[in-house]
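Me: I'm new to reading models like this one. Let's go through it in short steps.

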Amino acid sequence: MTTHSGAAAAAPGPSAPQTETPSPAPSPTAPATPATSATQGARLHGLDALRAVALGLGIVLHTLSPFLPGTVWFRPDPVFAPAADAATTVIHLFRMVLFMMLAGYFGRLVLSRRGVRAYATDRAQRILLPLAVFSPLVLLSIIGIEELARRLRGDPEPLPPLPSGIPFWLFRDPAHLWFLWVLVQVIVIVLVVRALVVACAGRERAERWADRTGAVLVLPGGVVLAALPYWSALLQQGSARYGVVQPSHLDVLPSTVTAYTGAFVVGWFLHARPDALSKLVTSWPVHLGAALVLTPLVVLLEDTAPLGLNAPLSALAGWCWCYGLVGLFLRALAGGSRVVRYLADSSYWVYIAHLPLTAVVQLLLAKTGWWPSVQLVGAWVVAVPLLLLSYDLLVRGTWVGAWLNGRRHEPVLRRRRRAAVG
């Protein structure tokens, strides 16, 4: 199994503000909008839900990867493999760009409330430290899973020996947490550039520039401007297959940094413009409609059309998905939901922990000979409830939950048990 192919990408979202500040009740004659909610400090439930969806799609990508053409796990199904490949292409168009955009939006929100030093400290605690702690554990589990896969295949050849000496190699491979490493790079770049702009132009002028840029991004056709860094990244890497290439080690890839810094900055500028989210809520049908038109073209042409056509199609389709989904989720989930909030809170841990469990479940299901679609759904049905249970029992109300999510929450099972006793 490999976690660095284009088909195996993923993303967490420790980007929401840690606490909610009380906000005044909206006037009966002036209903709350995403813009006013963000300004008043209310939680943006739609963006929380969208973050959880982005992480969940990462799990979908990992569970699809064994069915892709050329897999080394087990023999791919000749009928299901093209469908798995098309689904992987579509998800890669927008998932990680969407996550980085949300990280930029919430990043500026936290920085504006708490200051640069608190924001940097929080990102180090909830992004850099989990990367350092969990990547070696995941990499060791992957080695064990590859050995299990070898035995289940009946392969007589043993795995290559591990590097000898002090295992620094454990810290060179971020596994499926590679995006945390990229996010660290992006945050450093943005904070340094912001400091230089503020030092040269002054804080007030920098804020005006950010506001105007946010206004341009939500104009009709502003999605094209948002897509330019993504387009440039695809041209730099020389391929649009499965979107932006992810680093296989703790590397700095120019194309990756270009695409995801661009996405982060788009989110940053959208937060700087008070009415930006409201504009996206209004225009979501247009953006999703464009995404639904462009995406089949990307899938059909990805192996035949030249990069000069594939790159702009992929970039524009990906960003139309981002704009459309943000507007749709903000509109549909404006009132919030306990279930959605719980899933959003659990999504970071579930993503970090999912890979070993889903891989083992899929390897065992592969021996059944069931249809690939049944195996795929079976892996979700078994793994996701177990992951949510581990979150509720081991993370939500513990120091791990405070570490990853910024605060502890009461576990649902404990609350129900107390209510039953009472």
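Me: Which residue forms a salt bridge with Arg-108?

Reply: Glu-207 does, and the closest N and O atoms are 2.4 Å apart. A salt bridge here is a side-chain nitrogen of Lys or Arg within 4 Å of a carboxyl oxygen of Asp or Glu.

Me: Where do Arg-108 and Glu-207 lie?

Reply: Arg-108 is in helix 3 (residues 80-114) and Glu-207 is in helix 6 (residues 203-217), so this pair ties together parts that are 99 residues apart in sequence. Helices (H or I, at least four residues) and strands (E, at least two) are DSSP runs, numbered from the N terminus.

Me: Before we go on, what kind of model is this?

Reply: It is a predicted model, where local features need pLDDT of at least 70, side-chain atom pairs count only at pLDDT 80 or more, and totals for chains, interfaces and linings use all residues. Residues are numbered from 1 along each chain as its sequence is written, and side-chain values use heavy atoms, leaving out hydrogens and water.

Me: Back to that pair. Is Arg-108 buried or exposed?

Reply: Arg-108 counts as buried, at 10% relative accessibility. Buried means under 20% relative accessible area, exposed means over 50%, and partly exposed is in between (1.4 Å probe, protein chains only). Glu-207 is partly exposed, with a relative accessible area of 34%.

Me: How many salt bridges does a search of the whole structure find?

Reply: It finds 11. Another example is the one between the side chains of Arg-126 and Asp-122, at 3.3 Å from N to O.

Me: How many residues apart are Arg-126 and Asp-122?

Reply: Four, within helix 4 (residues 116-153), so about one helical turn separates them. Arg-126 and Asp-122 are both buried.

Me: What about Lys-279? Which residue is its salt-bridge partner?

Reply: Asp-275 is the partner, with the closest N and O atoms 3.4 Å apart. Lys-279 is partly exposed, at 38% relative accessible area. Asp-275 also counts as partly exposed, at 24%.

Me: Which residues are linked in a network of salt bridges?

Reply: Asp-85, Arg-241, Glu-302 and Asp-303 are.

Me: Arg-241, ok. Which ring does Arg-241 lie over?

Reply: Arg-241 lies over the face of Tyr-242, at 4.7 Å from the ring centre. The rule for a charge over a ring: NZ of Lys or CZ of Arg is within 6 Å of the ring centre and within 35 degrees of the ring normal.

Me: Tell me more about Tyr-242. Where does Tyr-242 lie?

Reply: Tyr-242 sits in the loop between helix 7 (222-237) and helix 8. Its phi is positive, about 60°, although Tyr-242 is not a glycine. Tyr-242 is buried, with a relative accessible area of 12%.

Me: What is phi of Ala-175?

Reply: Phi of Ala-175 is near 55°, a positive value in a residue other than glycine. Ala-175 is in the loop between helix 4 and helix 5. Ala-175 is buried, with a relative accessible area of 0%.

Me: New topic: rings. How many aromatic pairs turn up in the whole structure?

Reply: The search finds 13. In one of them, Trp-178 and Phe-179 have ring centres 6.4 Å apart and planes at 85°, so that pair is edge-to-face. Rings of Phe, Tyr and Trp (its six-membered ring) pair if their centres lie within 6.5 Å; planes under 30 degrees apart count as stacked, over 60 as edge-to-face and the rest as tilted.

Me: Are Trp-178 and Phe-179 buried or exposed?

Reply: Both are buried. Trp-178 and Phe-179 also belong to an aromatic cluster with Phe-99, Tyr-260 and Tyr-351.

Me: Last bit, the overall picture. How many helices and strands are there?

Reply: The protein has 14 helices and zero strands. As for burial, 51% of the 422 residues count as buried.
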